[in-house]
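Take a look at the chain below. We will go through a few of its residues in turn.

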Amino acid sequence: MLESKRLILRKVELKDVEDMFEYAKDEMVGPMAGWEPHKTIKDS
């Protein structure tokens with residue numbers, strides 16, 4: 001984990017799946033990150 005006053009970076013955990021899906025389903029995000037936009041939560 002990396003932590004500063006304004007940011008905490010940690011490993012992704014299973015509990016993050018809903019938030020990850022909300023981000024990954026955006027058609028502007030996936031292709032820029034190298035993946036197809038996620039269609040279902042299982043994709044995330």
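Is leucine 9 buried, exposed or partly exposed? Leucine 9 is partly exposed, because its relative accessible area is 45%, and buried means under 20%, exposed over 50%, partly exposed in between (1.4 Å probe, protein chains only).

A word on the source. This is a predicted model, where local features need pLDDT of at least 70, side-chain atom pairs count only at pLDDT 80 or more, and totals for chains, interfaces and linings use all residues. Residues are numbered from 1 along each chain as its sequence is written, and side-chain values use heavy atoms, with hydrogens and water left out.

Leucine 9 lies in strand S2. Helices (H or I, at least four residues) and strands (E, at least two) are DSSP runs, numbered from the N terminus.

Now move to aspartate 16. It sits in the loop between strand S2 (8-9) and helix H1 (17-24). Aspartate 16 is buried, because its relative accessible area is 14%. Its side chain meets that of arginine 10 in a polar contact of 2.8 Å. Such a contact is a pair of N or O atoms within 3.5 Å; within protein, one must be able to donate a hydrogen and the other to accept it, and residues adjacent in sequence count only if both atoms are side-chain atoms.

Histidine 38 is buried, with a relative accessible area of 14%.
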